[in-house]
Amino acid sequence: MSMVNQRYNRYEKARIIGARALQIAYGAPVLVQTESTEPILIAAEEYDADVLPFTVWRGEQ
């Protein structure tokens, strides 16, 4: 399931962006062209561009 098909609540969004920012801070490649140098801002731009390969499992629904 991609991000296009799944809506995230504010807690899931914060967790996804925070986890991605940590990855960027430790040297992971950036997935979008950006002028930002702050990992949290880069992660937010990646989230908005729908390029993050994260999936949230919510259990049975």
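Visitor: Which residues does R20 touch, not counting residues up to four places away in sequence?

Guide: This is a predicted model. In it, R20 touches A28, P29, V30, L31, A43, E46, L52 and F54, with residues up to four places away in sequence left out. R20 itself lies in helix α1.

Visitor: Is R20 buried or exposed?

Guide: Read the relative accessible area. Buried means under 20%. R20 has 6%, so R20 counts as buried.

Visitor: What does E46 form with R20?

Guide: Start with the general idea. Side chains of opposite charge can pair when their charged atoms come close. Now this case. E46 and R20 form a salt bridge, and their closest N and O atoms are 2.6 Å apart. The two residues sit in distant parts of the chain: R20 in helix α1 and E46 in helix α2, 26 residues apart.

Visitor: Is E46 buried or exposed?

Guide: Apply the cut-off again. The relative accessibility of E46 is 0%, so E46 counts as buried.

Visitor: How many salt bridges does a search of the whole structure find?

Guide: Two. One of them is the E46 and R20 pair. There is also a salt bridge between the side chains of R58 and E12, at 2.7 Å from N to O. That pair, too, links distant parts of the chain. E12 is in helix α1, R58 is in the segment after α2, and 46 residues separate them.

Visitor: What is the relative accessible area of R58, and what is the relative accessibility of E12?

Guide: Take each partner in turn. R58 has 36% and is partly exposed. E12 has 14% and counts as buried.

Visitor: Back to the helices. At roughly what angle do the axes of α1 and α2 cross?

Guide: Roughly 125°. Helix α1 covers residues 10-25 and helix α2 covers residues 39-48, and their axes come within 8 Å. To name the arrangement, use the angle classes. Roughly perpendicular runs from 65 to 115 degrees, and over 145 is roughly antiparallel. The α1 and α2 helices are therefore oblique to each other. The crossing of α1 past α2 is right-handed.

Visitor: Which residues in α1 meet which in α2?

Guide: From α1, the list is K13, I16, I17, R20, A21, I24 and A25. From α2, they meet P39, I40, I42, A43, A44, E46 and Y47.

Terms used:
Residues numbered from 1 in each chain as written. Predicted model: local features only at pLDDT ≥ 70, side-chain atom pairs only at ≥ 80, totals over all residues. Heavy atoms only, no water. Axes fitted to C-alpha atoms, helices over the stretch in contact; angles between N-to-C directions. Helix = DSSP H or I, 4+ residues; strand = E, 2+ residues; numbered from the N terminus. Parallel < 35°, antiparallel > 145°, perpendicular 65-115°, else oblique. Left-handed = near helix turned anticlockwise from the far one by under 90°. Contact = heavy atoms within 4.5 Å. Salt bridge = Lys/Arg side-chain N within 4 Å of Asp/Glu carboxyl O. Buried < 20%, exposed > 50% of the residue type's maximum accessible area, 1.4 Å probe, protein only.
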